[in-house]
Amino acid sequence: GEGVPDLIRHASIIVSDITGSWSVFNGVYSCAATNEGVEAFYNANINGGTNIYFSRYYSAWMFGPTMGGLSRFMDCQQALPYDNMPDITQCPQWITSRNQLLSSVSISYGTGVCRSSSDDSSYMSSTVA
């Protein structure tokens, strides 16, 4: 294989500090699976169900209604680091689907490790407990 590192997945992420009408996206998103080998998150109660995932093609984190889909609510472009594991908490600038810059978006990791069974095993080598 290509030496893809063990994917340590977080149990959740916390999105906060979004203001105005986009504040509906604030909340806790639980680990859902992986998308293209990068951890992904989901909250069924936010905006009718919102997925947060990384698209390698666009090199961007996306909030969208479907995992891996091109329809998006907002996104953040982030260059892939050397280890191919982008860190959503370091994403510099979120832009809405209406091309509005969101001035304040805070994203942090919740505690614990994800134990989801629906892994994208083509990129996963193991889950660290």
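**Strand E1 and its partners**

Colleague: How many bridges join E1 to strand E9, and which way do they run?

Modeller: Four bridges join E1 to E9 (residues 106-109), and the two strands run antiparallel. Strands here are DSSP runs of E, at least two residues long, numbered from the N terminus, and two strands pair if DSSP finds at least two bridges between them.

Colleague: What's the basis for the numbers?

Modeller: This is a predicted model, so local features need pLDDT of at least 70 and side-chain atom pairs count only at pLDDT 80 or more, while totals for chains, interfaces and linings use all residues. Residues are numbered from 1 along each chain as its sequence is written, and side-chain values use heavy atoms, with hydrogens and water left out.

Colleague: Back to E9, then. Which residues there are the bridge partners of Val15 and Ser16?

Modeller: Val15 has Ile107 as its partner, and Ser16 has Ser106.

Colleague: And what about E2, how many bridges join E1 to that one?

Modeller: Four bridges, antiparallel again, with E2 covering residues 27-35. Ser12, in E1 (residues 12-16), has Ser30 as its bridge partner in E2.

Colleague: Is Ser12 buried or exposed?

Modeller: Buried, at a relative accessible area of 11%. Buried means under 20%, exposed over 50% and partly exposed in between, using a 1.4 Å probe and protein chains only.

Colleague: What is Ser12 in contact with, leaving aside its sequence neighbours within four places?

Modeller: Its contacts (heavy atoms within 4.5 Å) include Ser30, Cys31, Phe41 and Tyr109.

Colleague: Switching topic: in what order do the strands of the sheet come?

Modeller: Nine strands form an open, antiparallel sheet in the order E8-E7-E6-E5-E4-E3-E2-E1-E9. The edges are E8 (101-102) and E9, each pairing on one side only.

Colleague: What about E2 and E3, over how many bridges do they pair?

Modeller: Five, in the antiparallel sense, with E3 spanning residues 38-43. Ser30 stands opposite Tyr42 there.

Colleague: Which residue takes a positive phi in that hairpin?

Modeller: Glu36, near 55°, in a hairpin with two residues between the strands.
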